[in-house]
Amino acid sequence: MAALEAPKLKDIELSLCYAFGKEAYAQLNQFTALQRLHLMGVGDDIKTIPESLTSLDLIDFNPHHKIETLPDYLKAFSNLETLYLEGIQFVGFPKWIADLQQLQYLGINSCTFENDIPEYFQKLKLKEVKYYISKFNGYNISPKTYQNLITPNYTKLKKEFSHEKLSFLFSADYY
């Protein structure tokens, strides 16, 4: 990774790259122009998000890999517009997420919540919350749990974000 030079690289999407491990992950901060980072199917040694990434000015972040806890230092992503949190087990939903003033899209698919998301999150004005509601009721989060993410008559609960494409890398909008 260190030998790769790409100073204008804005988007990275890694899918099913199981050799991509925590060492390579921590080196992504070398791509200083990076704005969008999507990871899915990466090395099993990755259990968190490297603090080194906080030097990046990400606007779209999908750490779709095993995360044991969501680190507080991620609040440094102050320009984040889209955050995907998938399959994370939350005791308390991190309060700093409500302080991300640019956040418009939040994904909570397959997350579990020990406690309801508190009223403090009502200050977010999310355009969309991505949460797939299963036809099998036993797998769904209670609407009471995430109600404070929803602004009545504004926030839409969606299976997929409306701005989401199969891959942002193939969209002419980004070039």
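**Close-up views of a predicted model**

**View 1. Leu16, an exposed residue of a strand.** Leu16 counts as exposed because its relative accessibility is 56%, and the cut-off for that class is over 50%. This leucine belongs to strand S1.

View 2. Seven strands make up an open sheet, and their pairing is parallel. Across the sheet, the order of the strands reads S1-S2-S3-S4-S6-S8-S9. Strand S1, spanning 11-17, and strand S9, spanning 156-158, form the edges, each pairing on one side only. From one strand to the next, the twist averages 10 degrees.

**View 3. The pairing of strands S3 and S4.** In general, the strands of a sheet are paired through backbone hydrogen bonds, in either a parallel or an antiparallel manner. Here strand S3, residues 60-64, pairs with strand S4, residues 82-84, in the parallel sense. Two bridges connect strand S3 with strand S4. Asp60 is positioned opposite Thr82, a residue in S4.

**View 4. Ser110, an exposed residue of a loop.** Ser110 is located in the loop that runs between strand S6 (105-107) and strand S7 (112-113). The phi angle of Ser110 is near 60 degrees, which is a positive value in a residue other than glycine. With a relative accessible area of 59%, Ser110 is exposed.

Conventions:
Residues numbered from 1 in each chain as written. Predicted model: local features only at pLDDT ≥ 70, side-chain atom pairs only at ≥ 80, totals over all residues. Heavy atoms only, no water. Pairing = 2+ DSSP bridges. Helix = DSSP H or I, 4+ residues; strand = E, 2+ residues; numbered from the N terminus. Axes fitted to C-alpha atoms, helices over the stretch in contact; angles between N-to-C directions. Buried < 20%, exposed > 50% of the residue type's maximum accessible area, 1.4 Å probe, protein only.
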